[in-house]
Amino acid sequence: MMISPPAPPTSSLPPLARLSTFSRTQIEQAVDNLRSIYRPHALTALPQPKALPKHLVHDISVPDSGYASAEGEDEDEEDCDEEDGFDIDVLRSDTFEREFAIRWLTGLTARSDMWVYAPECTEEESDARAALVDAAAGLLGTFAGEDEEEALTRTFTFPTRTRTCANATEAVHVELNDAPLLSDDHTSVGLQSWGSSIRLAERMCLDPRVFGLSDAEPPADRLRVLELGAGTGLLSIAAAKLLTGSVEVVATDYHPSVLDNLRANVSTNFPSRTARLQVLPLDWQRPVYDGPFAEQFNVILAADVIYHPDHARWIKACVQRLLARDSSDSGGAAGGVFWLIIPLRPTGRHEGMSNTVEAVFPHVLAVDCKEHPELAILEVEELRKQDGVGRADEGGYKLYRIGWA
C-alpha cells in the first residue's frame, strides 16, 4: 500500500483565521501531518472519535491512530521517499517550515476556545476537540528542545503555630518531586504541584485548628483525613506532618503515573513511618467504598480538581458518602468538613468552573429545614494570587468550606 508523503506545513495547514469553519477531522489531519514530520514515533497519541475518554481527568487510554501497522511500514516509507524524489529529512530540517509549524500550533492552542465549545458541538464533540487541542499543545511543547523535560524537586516551608504556644511559630517542611507531564497523555496534570494546593497548604499550616487539623481537639476515636485528586500529595503530606496523635491520612488519585510519583513523595517525607499516610486509587465516577473508604472521614481536602462540569457532581457524590455526619446532638462527634479550593481562570477552556461547584453544592442560606442533612457551602473566601505561585491563567482562588446543613 502506498502512503502519501507528509505535506510541507506552509502548503497544508488550515488558516487559523477561519478556524471555526474547519471540522475536527480536518484539524486532526493537520496535526497528524505535523506529527508525521517532526515526531513520527508519537503518531498513536492523537485522540480519535472512536475512543473518547471515559474519565475526563484520569483516562489513560491511548486509542489507535488509524495509521498502518508496523508490519510493512519500512517498505511503505521507502516507497514514499522514492516518490518524486521526496526526502522527509530535508523537510524536517527546513527552518522556515519548522517555524511556520510552531506559529500555527501556538495560534491553534491560543484560539481554540471558540472552536472547542462551538454552539453546534455536542458535549462529546467538545471533549474530543479539547483532547485534540491538548495533543497539539503537547506536540508544540516538544519543539522547545530535543531534551526531555526533567523532574524538579521543590521544597516548601510553611510557618505554623506551635502546639505549645499559640503566639510562636514553627515550620512544616515538605519536599516534592514534580515529574514532567506526559506528552502523550493530557490527563497527567497531577504530576505537578499547582498554585491552589500551595495556597491551601499555606493556610492549613498557619492555623491548623481552623481546618480541623489540630491535635488539641481530637475526635473521640481517631482523626481521619482524605485528599481527593492528591496529585503530588502536598496537602496530605502537610496534614500528616501537622498531626502527631492518632490520625489516618489517605491520599488518593486515579492516574497510575501520578500515584507512583505520589508514593515516592510520601516516602521522601516519611522515610521511616509511612503507615499513617496511605496512597490509594479512587475513581470519582465509579468509586468503590471498601477498605479505608468503608469508614467516614473527619476532614476531606481537594485542590484544583474541577476541569469539567461533571467533576463537581462526581465529587459531591463521593463526599456525601465519605464525609462524617454530625452526631453531636446524641453525644457523638461533630460533622466533618470538606475543604475545596479551585483557581479562578478568567479566560480559556476552564473559565467559570467555580460556577459548577456552586451549582451542585447549595449555599447554606438556601437550604430549607429538612429531616435529613444536606451538604452545603458554609463559607466562601476569595484568595489573591501571589507572585510566583500558580499558572499564568490563574487570577486568584476560591476556598470553599462545605459541610452538613
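Modeller: Arg129 is buried, at a relative accessible area of 7%; buried means under 20% relative accessible area, exposed over 50%, partly exposed in between (1.4 Å probe, protein chains only). Keep in mind that this is a predicted model, where local features need pLDDT of at least 70, side-chain atom pairs count only at pLDDT 80 or more, and totals for chains, interfaces and linings use all residues. Residues are numbered from 1 along each chain as its sequence is written, and side-chain values use heavy atoms, with hydrogens and water left out.

Biologist: Which helix does Arg129 lie in?
Modeller: Helices (H or I, at least four residues) and strands (E, at least two) are DSSP runs, numbered from the N terminus. Arg129 touches Phe22, Ser23 and Trp115, among others, contact being heavy atoms within 4.5 Å. Its own helix, residues 123-142, is H6.

Biologist: Is Thr25 buried, partly exposed or exposed?
Modeller: Thr25 lies in helix H2 (residues 24-38), and its C-alpha atom is 9.6 Å from that of Arg129, 104 residues apart along the chain. Its relative accessibility is 45%, so Thr25 counts as partly exposed.

Biologist: How many bridges join strand E8 to E9?
Modeller: Two strands pair if DSSP finds at least two bridges between them. E7 (residues 337-343) pairs antiparallel with E9 over seven bridges, with Ile342 opposite Lys398. E8 (residues 375-384) also runs antiparallel to E9, and Arg384 has Gly396 as its bridge partner. The number of bridges joining E8 to E9 is nine.

Biologist: And how many of the nine residues of E9 are buried?
Modeller: Strand E9 spans residues 396-404 and is mostly covered. The buried number is eight.

Methods:
Lists of a residue's contacts leave out its neighbours within four places in sequence.
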